[in-house]
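Thank you for letting me take a few minutes this morning.

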Amino acid sequence: MTAYLLKRLAIALITLVLASMVVFAVLEIIPGDPARLMLGLNASADQVELLRNQMGLNAPLALRYLHWAGGLLSLDFGRSYTYSVPVIDLVRERVVVSLPLALIALALSTIIAVPVGLFSAGRHGRAGDTIAMGAAQLGVAVPNFWFALMLIYLFAVWLRLVPSGGFPGWSAGVWPALKSLILPAIALALPQAAILARVTRSALIEVLNEDYIRTARAKGLPFRAVLWRHALRNAMIPVLTILGLQFAFLLAGTIIIENVFYLPGLGRLVFQAITQRDLIVVESVVMLLVAAVIAVNLLVDLSYAVVDPRLRSRQ
Amino acid sequence: MKLWKTILTAAALVLATGASALAARDLVIGITLEPPHLDPTAGAAAAIDEVLYANVFEGLTRIGPNGEVLPDLAESWMISDDGKVYTFKLHTGVKFHDGTDFNADDVKFSLDRARADNSVNAQKGLFAAIDTVEVVDPATVKITLKNPQSSFLYNMGWGDAVIVAPETADTNKEKPVGTGPFRFQNWAKGSSITLIKSDTYWGAPVSLDKAEFRIVPDAAAAVPALLSGDIQAFPFFPDPDSVAQIKDDPRFKVVIGATEGETILSINNKKPPFDKLQVRQAISFALDRKAIIDGASAGLGVPIGSHMSPANKAYVDLTGLYPHNVEKAKELLKEAGLENGFKATLKLPPPPYARLGGEIIASQLRDVGIDLQIVPVEWAQWLDQVFTKKDYDLTIVSHTEPNDIDIYSRKDYYFNYDNPTFDKIIADLSLTSDEAKRMTLLGEAQKILADDAVVGFLYELPKAGVWDAKLEGFWENAPIQANDLTKVKWTE
């Protein structure tokens, strides 16, 4: 078990270092000068050069990478070019929007997907299964920004139950803040739930064909009990894998959803920073997201061992 | 079914009454882009002025709703006979929002700061003519110019020339302190910027108690935000295609005005075959402006024939010079030795006017034998490749700076256009203050640009303003990119 854990940790660390190099290099290669972007069309070349010097953009590439990566190690994420405040402050303001949003969406998609998967697997090939999977197919196909707009027109414009967008901040109270996260969370969760439901169903169907299921049925257990107690637990591994991958998709999906609902989240921050060539913000936030995804995958790896005791003893 | 409807309606009513409890003197305004920071003297982003100009910060002069120069912190001025010395009489009793007094020292500080060697003011050119700034007494400032400059008073009205206090100049990016009728309250980054009425304002007090600028980056989100009542005004409405839909709704007022944005098909004048006059003229003949305006701006733009807004006094209508004429265009290409046409690239920045307009222009030029490859670019790439390195054939962009016909005389500007006659007119213009002579010179300048077909002149970017029908006092036109809220009020 310890060796398994250590190996996973080592892989995670190497991934982080490689990712930092790729992120830095890619952003250096794409064209665009943050200083020129800030000064606009009327500024002279001398002035742009002056600002580049002030921003420390004229130092050699390797030096800037080491400076940045070294800062990351001591949790110093640098200062934003455009906002001229520490990146960590920007992240702190944004993460309180994006993290709850992603978690609510993840919870919602699980709450929807697992029962639907169980329902479909239990009625494999019958009408209920076909309808549920047809709906799931639709859920995968519908683009989430369009779905988001439909939700806005229904619940914000017509029924006026929730705001059409924006975020009042947690200081405005938990309920108003949660209210503005409901629609974006649904818009994010539904396509994910559709995928997860399909995976749950197929994993269950596969498990239901195993010999021990027949044994369980033969000894007289009702089908429902077999499905929940024996089949679901063994079908958990692919479901957990997808769940882990979905967390990364949710973080990426927030870029679109946060734009449609004009939420001040991490996705918006990255999007804005890319268009403004606020390289240091992009680099640092992307690294944070990479770290989050790696951490979640590590957790998923570890949870395999919890779900499946055989993985523990095999090491 | 009936029960459902009753429940839903009841729920909607309860929540709707909660939502309309908004105080009658508060206003939520939608803007598309978030300002990178809040100091108008330290960045070119139009979003900074859209929040702060005339609301929080004031200059010696200011630009009015129709582009006219109005007195602001300077109540009056005298100009010496040689046009080189401006003596400004300042308002007294003016206070900055932090409680400190405004006087002539602040004017000197602000102007000297903007034109200093290490200044990164994005419009440093506005101050280039200034030789010295002297404080005569606390309410009088004397500015001496190196040479007479007819646009000096206008220049001092730009957002980049607002007056700041020495104590707070360095922190204005985060916490702007000005002399205007609103003071800054809060900036929830990524979300909104809130201004509240200043109790110590020297001039006529404003009607609004609170103005919140909410950032709505996605054009598709603007309509539901208005319909749901979350946002009551979009002075620069980002979704022209929805204007028709909102126009029919009596709850809203839609006002189509003019901007100073000349939308043009820029041409790299030094790059063959665009260095040939016939080729550029052929492009002008090939363009069907009406189709472009219909497709790229929902039919709202006004066609232009040179680099001047139709709303400007100096405007000369030159749209008849190159009517849409495919045969004539082909003939000109033949004269240039290109009867078989040629290939070129068209680099398109992100705004819809460029991306949508680009598709239409590419198909119009294909009709005369010019085969365009469309290359979409981001703003950062556009600035780098097109504007700075001049690595392009054709591009579409809207030049939104007011009174900017002089860009065609700038050395090394990305058009690569060089015409000594034109340069001479621009140089004369800057030394001429007689209004009639200026109009003549500006007319000649427009004519030369059109004759030379320097670029393909398309249309003046429209300003579609949408707001609650109970609101009044917004600017109809946008002579500068600002949301002046000083006259805005709720009528009931």
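**Two domains, two chains**

In chain A, the C-alpha centres of domain 1 and domain 2 lie 31 Å apart, and please keep in mind throughout that this is a predicted model. The domain assignment places domain 1 of chain A at 2–73 and domain 2 of chain A at 87–313. Where these two meet, the contact draws 15 residues from domain 1 of chain A and 13 residues from domain 2 of chain A. On the domain 1 side, α1 (2–29), α2 and α4 (61–73) of chain A each supply at least two residues, and α1(A) gives the most, with nine residues. Sorted by class, that side of domain 1 of chain A has 10 nonpolar, three polar and two charged residues.

Let me now turn to the partner chain. Between the chains, 44 residues of chain A are in contact with 44 residues of chain B. Which helix of chain A gives the most to the side that touches chain B? That is α7(A), with five residues, while the helices that each supply at least two residues to this side include α2 (34–39), α3 (45–54) and α10 (223–260) of chain A. The residues on this side of chain A divide into 23 nonpolar, 14 polar and seven charged.

Finally, for chain B itself, an unreviewed UniProt entry lists residues 68–398 as "domain: Solute-binding protein family". In the model, the end C-alpha atoms of that span of chain B lie 22 Å apart, and the span is 24% helix and 26% strand.

Technical notes
Residues numbered from 1 in each chain as written. Chains lettered and ligands numbered in written order. Predicted model: local features only at pLDDT ≥ 70, side-chain atom pairs only at ≥ 80, totals over all residues. UniProt positions renumbered as here; feature names shortened; annotations may be inferred. Helix = DSSP H or I, 4+ residues; strand = E, 2+ residues; numbered from the N terminus. Contact = placed C-beta atoms within 7 Å. Nonpolar A, V, L, I, M, F, W, Y, C, P; charged D, E, K, R; others polar. Domains from an automatic or database assignment.
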